[in-house]
Amino acid sequence: MTTLCSHEDLIATQEALKNVEKSYPALFEQLFHIVNLTRSLQLRYQFMGCLLMDEDPGKNKPSYLHHSVLGLYKSEIQKLKDNPDFPVIQKMIKSFKKVGYAKMCLLLLGTEPETLTGLTVIK
């Protein structure tokens, strides 16, 4: 997905992620786990975001992944969604929707906002 956002949007997203990490460490750890799992399985962050936000993943749904692995991945996503504090994540994602799922994930993984400024295509 192609996203265009400002440097200020990226910094605000990074700060929101840090606030979640500080205020809800267990929730943040679950989200961090999901992002790393997504990366390890070479899935699109857009697919992960769609599952988290109950959106149709459309063309972002992987066709190469065995159904049992996909089922395991979805069960890990569900564990995060079952966390009673999950609405905090949903609210943050909705607030920074224009940043995009991929850039949010990269910020969560420690990428500096300066490297994500401008037009970037991330699958």
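Q: Is F47 buried or exposed?
A: In this predicted model, the relative accessibility of F47 comes to 1%. Because residues under 20% relative accessible area count as buried, F47 is buried.

Q: Which residue forms an aromatic pair with F47, stacked at 6.0 Å centre to centre?
A: The pair joins distant parts of the chain, with F47 in helix α3 and its partner 26 residues away in helix α4 (residues 67–81). The two ring planes stand 20 degrees apart, and the partner has a relative accessible area of 0%, which makes it buried as well. The partner is Y73.

Q: How are the axes of α3 and α6 oriented where they cross?
A: The axes of helix α3 (residues 45–52) and helix α6 (residues 101–108) come within 8 Å and cross at roughly 100 degrees. Since angles of 65 to 115 degrees count as such, α3 is, relative to α6, roughly perpendicular.

Q: How many residues of α6 are buried?
A: The buried residues include Y101, A102, C105 and L106, which also take part in the contact with α3. K103, M104, L107 and L108 are buried too. Helix α6 is thus largely enclosed by the rest of the structure, its buried residues numbering eight of the eight.

Technical notes
Residues are numbered from 1 along each chain as its sequence is written. This is a predicted model: local features need pLDDT of at least 70, side-chain atom pairs count only at pLDDT 80 or more; totals for chains, interfaces and linings use all residues. Side-chain values use heavy atoms; hydrogens and water are left out. Axes are lines fitted to C-alpha atoms, for helices over the stretch in contact, and angles run from 0 to 180 degrees between N-to-C directions. Helices (H or I, at least four residues) and strands (E, at least two) are DSSP runs, numbered from the N terminus. Angles under 35 degrees count as roughly parallel, over 145 as roughly antiparallel, 65 to 115 as roughly perpendicular and the rest as oblique. Contact means heavy atoms within 4.5 Å. Buried means under 20% relative accessible area, exposed over 50%, partly exposed in between (1.4 Å probe, protein chains only). Rings of Phe, Tyr and Trp (its six-membered ring) pair if their centres lie within 6.5 Å; planes under 30 degrees apart count as stacked, over 60 as edge-to-face and the rest as tilted.
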